[in-house]
Amino acid sequence: MPVPAPPVLVARLRSAGCVFAEEEAALLVEAASTPEELEALTARRIAGEPLEHVVGWALFAGRRIRVSPGVFVPRSRSELLAREAIRLTRPGAVVVDLCCGAGALAAAIADAVVGLELHAADLDPAAVRDARRTLDGVAQVHEGDLFAALPQHLRGRVDVLVANTPYVPTDELHLMPREAREHEAPLALDGGGDGLDVQRRIAADAAGWLTPGGHLLVEVSSRQAPTAAAIMASGGLDPRIVHDDDLDATVVVGTRR
């Protein structure tokens, strides 16, 4: 049974602007093994560090995903991306998670579908370390820039390619929450002029890696979805847009013709 958080701890977190102070306090108490450690963790959170970095994990699709300081924190809205990828993945499929971060999407797919040949890749060495721990024995995790990180034997064999790319336009990064701007890797947030630079690079090469009828799935904002769909079409993929109001999430799925 969880140990109740001291009221003074809840009050300190609330004063620091933590909206869910009670829940956060309980997680800090759970993460700390001594009063001194609890104080150190609390100080980090009050200073603005993301709670997930402080406690060392993020909850995604019902599973705790290891997240080290500086690594992109999986968002709940990305559960739509995981759900759509799972729906399209058959047992025994070849699946690739590009821009995998801490490995949340790959882990969710592996939990739901059996017998996969699963690969994940990211350019951030810290994210790759987290993903390798999360996906140990489940997936091969590669470090490098998009497709350049992948083994060549995957060309033309990928059934499902999921990519949670950075998609915040450069000029809008200042609108993100402070804890994200100051504590997550910029390369995981900055999507370039219109936010879709990385998606353009992926869509341009995706058809060469996908099987006939294979799928590319990306997450975007709702306003970016028409442009993202056009980008996929220009890469030889038939696009469709999926939106979930509850998660406030939008996914574009492109199928190789």
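A: E184 has its place in the loop between α8 (178–183) and α9 (197–209), where helices are DSSP runs of H or I with at least four residues, strands are runs of E with at least two, and both are numbered from the N terminus. This is a predicted model, in which local features need pLDDT of at least 70 and side-chain atom pairs count only at pLDDT 80 or more, while totals for chains, interfaces and linings use all residues. Residues are numbered from 1 along each chain as its sequence is written, and side-chain values use heavy atoms, with hydrogens and water left out.

With a relative accessible area of 4%, E184 is buried, a term that stands for under 20% relative accessible area, against over 50% for exposed and in between for partly exposed, with a 1.4 Å probe and protein chains only. Leaving aside neighbours within four places in sequence, E184 is in contact with H53, G70, V71, F72, V73, R75, E179 and L189, contact meaning heavy atoms within 4.5 Å. One of these residues, F72, is 112 residues apart from E184 in sequence, yet the two are 5.2 Å apart in space, C-alpha to C-alpha. The side chains of E184 and R75 are joined by a polar contact of 2.6 Å, that is, a pair of N or O atoms within 3.5 Å, of which, within protein, one must be able to donate a hydrogen and the other to accept it, and residues adjacent in sequence count only if both atoms are side-chain atoms.

As for the annotation, UniProt lists residues 91–180 for "domain: Methyltransferase small" in an unreviewed entry; UniProt positions are given in the numbering used here, feature names are shortened, and annotations may be inferred rather than shown by experiment. The span 91–180 is 24% helix and 23% strand, and its end C-alpha atoms lie 36 Å apart.
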